[in-house]
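Visitor: I have a new model to look at. Please walk me through some of the terms used for it.

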Amino acid sequence: PSTPRHTNRLGSQRSPYLLQHAHNPVDWYPWGQEAFDKAKKENKPIFLSVGYSTCHWCHVMEEESFKNKEIGEILNQNFVCIKVDREERPDVDKVYMAFVQATSGGGGWPMSVWLTPDLKPFVGGTYFPPEDGVHRVGFRTVLLRIAEQWKENKDALLENSQKILEVLLRRSEIRVRGQESPPPSQAVMATCFQQLSSSYDEDYGGFSKSPKFPTPVNLNFLFTYWALHRTTPEGAQALQMALHTLKMMAHGGIHDHIGQGFHRYSTDQHWHVPHFEKMLYDQGQLAATYSRAFQISGDEFFADIAQDILLYVSRDLSDQAGGFYSAEDADSYPTTTSTEKREGAFCVWAAEEIQALLPDPVEGATEGTTLADIFMHHYGVKEMGNVSPMQDPHEELKGKNVLTVRCSPELTAQRFGLELGRVRELLRDGGCRLSTARAQRPRPQRDTKMLTAWNGLMISGFAQAGAALARQEYISRAVQAAAFLHTHLFQPGSGRLLRSCYGGEDSTVEQSTVPIQGFLEDYVFVIQALFDLYEASLEQSWLEWALQLQHMQDKLFWDPEGFAYFSSEAGDPSLLLRLKDDQDGAEPAANSVAVTNLLRAASYSGRTEWVEKAGQILAAFSERLQKIPITLPEMARANALFHHTLKQVVICGDPQGEDTKEMLRCVHSVFSPNKVLVLADGNSSGFLYHHWPFLTGLERKDGKATAYVCSNFSCSLPITSPQELRGMLCL
């Protein structure tokens, strides 16, 4: 029907996820005082449902339960119902996810938690089917049981809830105990490398059998391990593990061979059948990681994949104003007349579709060969579909193919008796035709929410790729996005970041009625992005803003008693716990990146208290880093940089001079994880000369662009040869 039968309070929200539920028969409230007051006044428990717009099982639970009129009535009569977008409010999500994991041994989304009117959790779970099954209790039954327990045994529930909360408080505390110092670098690196090696899949790359996640944090650790152990067998092994994983991912179905970019993760060991949503944070981190792989190996294959990711983001996840959207959904309508969405429908192919699109006979190939034959052979396409029923429990992909590179272009050329260049050309042509055909299909929904933290990760991706691949247009795109953040997600008056804004009608950028203040991860990922952007663009204003934000981060989130940063700021009475993330996952933990940020900030400003803070974070996480560093590979990497001291690479020269540009190209072409780059352009009234007075004493030798490699503000002899500089950076 054109007019929705129900409209609840989510209709006035900006989050695409909340708006998806605005017409459920459930009387949803957004997280806030109105809902809390209603629960207290009516003495009802709260049902809290947390998810995000591209979450497949969130869609399933909505279709099965939240659109069901009878279940809606049970919810409305017995509970105050609150919907939260976890990407908007990671603070709320983390508190209750800690409870669900502690009480059920698992977690995930949709997250379903029942709270007392004062927001203390007493029952929690994830997805529930609507009705009872053989192995699972249905959602309707769970609701009726909890409603009855609340009426009959409320005191016992409240007492139990208080006990659980006390245990959570104790378990979630991360702090320095006594006079701890940062753990030794060698031992932590060796343990982390050993733990990654033992979980590594030698055949297909990656660090588990299935499901398989991209885990850029693991790959970046391995690159740094290699850089610090270049001449050892372990160093060579670390590099091989990282490069092999990146190659296998790029060949697999997790990589969208037609529309570019990477899907969220693979359901199987071979990187073949993915969950099809595409997340901005994956694209940002993977663009940077593939760029590093190119820097290290010189293999153009990795540069091509970095460019493929950035093409996807520029085309499909970019707002006209310069920001980046959050995600693209996995589910879409198979055809314009379909009434039911299917996972992967936009991306998969039946063999006959490809045969119809690529019927051309190929001249010079074995007789009767068509373009479809070559394309299908190369990408593993089968007449009956190439997805195993094990990977497709709901039969959404039956008879369909997920494209995955089954053999090298060389082998494909050999198989059809063609020249290699010709095969590459034919595969490109086939891909273009499929892309044009795919554009006629209904697109998956896009989450046009723009998150500060994820925009930070994407700016780093563009800036690092621009520097490593010598592509100025990528640096310009990073500059445009950073300017967008400054305009739309920064409050100059207070000096604070906001969490999110939204793509509106007619290309406008909208803000929610009550803007959400930035969390620790917003500051950390933006500061990292601004340092990366300075090194790529050498525009000092980005450096100034980074240091400003670092001061604000210290003020809002630092724990002066236990050390390290809290994920959220103090003063929100609706948050039961202030947590510190202790795991590098799909995104690195904010404290992990904060260590490197602090070292870079100290290097650029000369403020030694920031080095001290970096050491205090490492001390707070010392036990975890020594026992299970595989859970914190980014922090293990940062710990190594802390112990090795950053090199300050100073290039004295005219920014427009060809000799200066050659020196800068040399710096950008080398993977050197423990360096910061500075351009001394001779403008002694500038920001850098103010912080680094010793720069005035560094001269251009014989009038040429000259490099100095400094440590703790004491410098090497002048270097005018790019080759000599490369040698210094590789030490």
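**A guided look**

Guide: Start with residues 7-168: the chain there is 49% helix and 15% strand, and the end C-alpha atoms are 37 Å apart. Helices (H or I, at least four residues) and strands (E, at least two) are DSSP runs, numbered from the N terminus. This is a predicted model, where local features need pLDDT of at least 70, side-chain atom pairs count only at pLDDT 80 or more, and totals for chains, interfaces and linings use all residues. Residues are numbered from 1 along each chain as its sequence is written, and side-chain values use heavy atoms, with hydrogens and water left out.

Visitor: Why is α14 called roughly perpendicular to α16?

Guide: The axes of α14 (residues 371-378) and α16 (residues 420-438) come within 10 Å and cross at roughly 95 degrees. Axes are lines fitted to C-alpha atoms, for helices over the stretch in contact, and angles run from 0 to 180 degrees between N-to-C directions. Angles under 35 degrees count as roughly parallel, over 145 as roughly antiparallel, 65 to 115 as roughly perpendicular and the rest as oblique. So α14 is roughly perpendicular to α16.

Visitor: What makes β18 and β20 a pair?

Guide: Two strands pair if DSSP finds at least two bridges between them. Six bridges join β18 (residues 647-652) to β20 (residues 706-711), and the two run antiparallel. In β20, Val 709 is the bridge partner of Val 649.

Visitor: Which strands does the open sheet have, and in what order?

Guide: The order of its four strands is β19-β18-β20-β21, with mixed pairing. β19 (675-680) and β21 (714-715) stand at the edges, each with a single partner strand, so one side of each has no neighbour in the sheet.
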